[in-house]
Amino acid sequence: VDSFSMGNAFKNGVPVAIIGKPNSGKSTLMNALLKEDRSIVSDIQGTTRDTIEESITIQGLQLRFIDTAGIHNSEDTIEKQGIERSFLAIDKARIVLYIVDSSNDDYKSINQNIEQIKQKSDFSQKDLILIVNKSDISKLSKKDLTAFQKDKAIFISAKQNEGIQDITNAILETMHAEDFSSKVMISNQRHLHALEHALEEVTTALEATEFGISSDLISENVRQATSYLGEITGEITSEDILTSIFSSFCIGK
């Protein structure tokens, strides 16, 4: 069951949202990660008004980077829609790269902005990595990073292409990619549901043994668990499974 997150990532790619205030270097970072000019870079605030998505594969893991509109207070109707899409990108991301301009931002405002973003989006199943950009002209000290002990922080210069490898390394470490290279993983939603039901039955059976419940009753939980596992191994068939298969695949005679 726990392998589904990584299995799904290997199958569909890991969504990585690049967020931050306008002119913090999001598009420059996007281009540096992709090693190509995909996003428009400009000194004009609000250049990016929609999400831009591109994928690359690193060590067998597909990463889907999402460049977003700068998050700030705006009265521009189109820009506000872009900001709303930025939060949608955060919602669907597995990893969020929050990039800040270290030549202008201070730790207090950065910390406040991170907390506001976390209040608007559920981060229980995602990781935030703080990207401190413009390190070549930074006013922030690495020594003061204790303020962000709950979040990973990486100093970079996207313009100078410095520290980019540290970001990809941090992403791979966050996803524990090396731990899954030789393990069985599932990526099918139907398999996940079957395993979750089987786990529930096994857990119930184990709890029942602690209370001294009759083995005849416990065996029913075990039977149900093996039935759910049979839906994966092919020993069990049902109309629901056949319907699922035919709806997902083009099957001829």
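**Charged contacts and rings**

Arg 64 counts as buried, at 18% relative accessibility, where buried means under 20% relative accessible area, exposed means over 50%, and partly exposed covers what lies in between (1.4 Å probe, protein chains only). The model is predicted, so that local features need pLDDT of at least 70 and side-chain atom pairs count only at pLDDT 80 or more, while totals for chains, interfaces and linings use all residues. Residues are numbered from 1 along each chain as its sequence is written, and side-chain values use heavy atoms, with hydrogens and water left out.

The structure holds 5 salt bridges, a salt bridge being a side-chain nitrogen of Lys or Arg within 4 Å of a carboxyl oxygen of Asp or Glu. In one of them the side chain of Arg 64 meets that of Glu 53, with 3.0 Å from N to O. Because Glu 53 lies in strand 2 (residues 52-58) and Arg 64 in strand 3 (residues 61-67), this pair ties together parts that are 11 residues apart in sequence; helices (H or I, at least four residues) and strands (E, at least two) are DSSP runs, numbered from the N terminus. Glu 53 is partly exposed, its relative accessible area being 34%. A network of salt bridges links Glu 53, Arg 64 and Lys 92.

A further salt bridge joins Asp 127 to Arg 94, whose closest N and O atoms are 2.7 Å apart. Since Asp 127 belongs to strand 5 (residues 127-133) and Arg 94 to the loop between helix 3 (77-92) and strand 4 (95-101), the pair ties together parts that are 33 residues apart in sequence. Asp 127 counts as partly exposed, at 29% relative accessibility.

Lys 134 and Asp 101 also meet through their side chains in a salt bridge, at 3.1 Å from N to O. With Lys 134 in the loop between strand 5 and strand 6 (152-155) and Asp 101 in strand 4, this pair therefore ties together parts that are 33 residues apart in sequence. Lys 134 is partly exposed, with a relative accessible area of 24%, whereas Asp 101 counts as buried at 7% relative accessibility.

Turning to the rings, Lys 118 lies over the face of Phe 123, at 5.9 Å from the ring centre. The charged end of Lys 126 likewise sits over the ring of Phe 123, 5.9 Å from its centre; a charge sits over a ring if NZ of Lys or CZ of Arg is within 6 Å of the ring centre and within 35 degrees of the ring normal.
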